[in-house]
Amino acid sequence: MSEIWWIVLLGGGLTYLTRSGGHLVLSRFERVPPRLAAALNAVPAAVLTTLVAPVLLTGDWPERVAIVLSLFLALRLPLIATVALGTAMVALARAAGL
Amino acid sequence: MSSRSDFRAGLRDVLPVLLAIMPFGIVYGALAVDAGLSVLEACGLSLTIYAGASQLVALQMVGLGAPLWVVLFALTMVNLRHLLYSASVGRHLGAFSWWQKALAFCFLVDPVFGAAETRVLTHRLSPTYYFAFAMALYGGWQVATLIGATLGGFIGDPAALGLDFILPVYFLTMVMEFRHRAGFYPVAAISAVASIAVYALIGPPWHVTLGALAGLGYAALFPPKGRSQDGGAA
């Protein structure tokens, strides 16, 4: 069996462990300690942010400007409109050769 | 809410995400075949691992001739954020039977996590909504992988349409949905600064885990006053 198929099998198993492991650990608690609960409530703000923020570092200027503008658009517009406008800004900037 | 409208809501919410991940999946499929994998092997990784970043890391390390255990270690490091996802989302699966829970965790990728957490801000998270969203996304990823692996060379540059930028904007808008949660701004700001610093100093994928831990640490040290949302037992 090639190395790839071992990665398919074992990598898939390990991935499932991380995707279920947090719940398996947490469900052993009779009651979730308040500080842990506070940390869990912060997971969306903490983790999803780290997927976006490096654009400010690695992106070119149109991308940096677009991500900051999108942040303000998101305060006002529905999700789909913000995504469309943010993406359009970058596409237009690239078409214009910026 | 009826299960039919939950089903429709799940599909409606997944549509923009599908638009964002399909080009990414096509690129992955093309890269995989480029790296010497067969079409079947390229699809195999998508079927079981089902995580774009992890699959690209695996490709890169196989290309570098890394031994199996090193590939698996790197993959797990990229996947660590899923531990946090399952810990958080697990608290909202009250309407799921045990096998629905077990199945739900198979599909707990970034957009599914975001959608599930956003959903519980306004609704009860039903299996119908969750699986409509999650299965459509999973199917889309498989189709995209297959397209990329078989037709890779014929597809133009997705960057020209800005498609590579959909995911960052999508995650940004998803983050902003949580802005009314107590303690949101300090946590998001600390995670943003920490992830950028780690990205610059250590490099990816550590910026995700370490950046997130900075924000979570702050939330644990300075829990928001007042009602803690969903703070009960799992």
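This is a predicted model: local features need pLDDT of at least 70, side-chain atom pairs count only at pLDDT 80 or more; totals for chains, interfaces and linings use all residues.
Local features are shown for pLDDT of at least 70 and side-chain atom pairs count only at pLDDT 80 or more, while totals for chains, interfaces and linings use all residues. Residues are numbered from 1 along each chain as its sequence is written, with chains lettered from A and ligands numbered from 1 in the order in which they are written.

**View 1. Helix H1 of chain B and its kink at Leu15(B).** H1(B) covers residues 3-34, 32 residues in total (helices are DSSP runs of H or I, at least four residues, numbered from the N terminus). From first C-alpha to last, H1(B) reaches 43 Å, close to the 46 Å expected at 1.5 Å a residue (1.5 Å times one less than the number of residues). The kink, about 35°, comes shortly before Pro16(B); the bend is the angle between axes fitted to the seven residues ending at a residue and the seven starting there. Just after the helix, Gly36(B) takes a positive phi of about 100°.

**View 2. H3(A) packs with H10(B).** Residues 43-52 of chain A and 184-201 of chain B form these helices, with axes 8 Å apart at an angle of about 35° (axes are lines fitted to C-alpha atoms over the stretch in contact, and angles run from 0 to 180 degrees between N-to-C directions). Among the residues making the contact are Ala45(A), Thr49(A), Val187(B) and Ser191(B); contact means C-beta atoms, placed from the backbone, within 7 Å.

**View 3. Chain A meets chain B.** The contact takes 65 residues from chain A and 75 residues from chain B. On the chain A side, H1(A) gives the largest share, 20 residues.

Conventions
Helices (H or I, at least four residues) and strands (E, at least two) are DSSP runs, numbered from the N terminus. Two residues are in contact if their C-beta atoms, placed from the backbone, lie within 7 Å.
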